[in-house]
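Thanks for coming. I will talk briefly about charged side chains in one structure, so please look at the display first.

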Amino acid sequence: MNLEAFQLGTSGMMPLPGRFLTSVLVRRDGDLFLFDSGEGTQVSMKMLNLRWKKISAIFISHMHADHVTGLPGMLMLSAQVDRTEPLYIIGPQKLKEYIDTSRRILDMYINYEIRFIAAEPGVVFSGDGFTVQAFPLIHTKPCFGYSLVEEKRKGEFFPDKAEALGVPKGKLWGVLQSGVPVTLSDGRTITSDMVMGMSRDGRKISYVTDTMYFEHIADYVHDSDILFCEGMFEKALAETAREKKHMTSYEAALVARDSASRLLCLQHYSPRYSERELKILERDAKSVFPDTVLTKDRMTFDVPLKD
């Protein structure tokens, strides 16, 4: 099963030429999940040839304009295609008021069902083999981070072990792979653990932005394959970051290190940094966590299955 992530935009506060507002799209075997939707989000989607019709759910971190102003456009865009499935929108309680008001004032034509879910800590969305979990962040408004977490996969089936135990090839092999024991003609009972390896961990992608640093973020995003995390300021501006309830790239790296994440993808850069100056953020983060990527708009990341 394919799992990919697309960094649609990386800017905080305001879009810049070549740097759209921060949002991430995750594609899991054709289903799309969008995290935040600032103005112009659909432009990056179009440039990447991503089909908005396939968006199953949109997760909004908080009610600041640079994270929600692209949502009305996304809703209207989705009405231009034949859509029969509902669109789930998850976020702070005030998000529903924003959606309802935008629909009324703009007289939106919506030909599909919108299902709003108020974000609260814990599982806020689930599908076949995965959940999306929300966790609280500390910002100037109620704010949530999200993790898409796959369920554990069954262990590898070993045909040689089944044959050695006298299990005939065919239907009984499938029964054992489903976790159900089988009884052979000689009366012996064979259980799945006798022919299969240990279960394998699923994959995890976490999205964190617009928060001051605090230690528990690492607990929420523990063991992420990819951690998309804001690194709005350089380490030298740590006091400014605290005042504005944002993080430095150095603090993002602390979260990645302490959470045993495998890859840190920095995002949500302050517009004060030119493209050349962004290297300062990368340098600060890599001093703590070498497996850091200074993401650029429309970067793509594949997350392979774990052995």
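**Salt bridges in the model**

By salt bridge I mean a side-chain nitrogen of Lys or Arg within 4 Å of a carboxyl oxygen of Asp or Glu. Helices (H or I, at least four residues) and strands (E, at least two) are DSSP runs, numbered from the N terminus.

This is a predicted model, where local features need pLDDT of at least 70, side-chain atom pairs count only at pLDDT 80 or more, and totals for chains, interfaces and linings use all residues. Residues are numbered from 1 along each chain as its sequence is written, and side-chain values use heavy atoms, with hydrogens and water left out.

Are the two partners buried or exposed? Arg 19 is buried, at 3% relative accessible area, while Glu 275 is partly exposed at 40%. Buried means under 20%, exposed over 50%, and partly exposed in between, with a 1.4 Å probe and protein chains only.

Next, helix H10 holds both Glu 282 and Lys 279, three residues apart, about one turn of the helix. Their side chains meet in a salt bridge of 3.5 Å, N to O. Glu 282 is buried at 16%; Lys 279 is exposed at 52%.

In total, the structure has 17 salt bridges.
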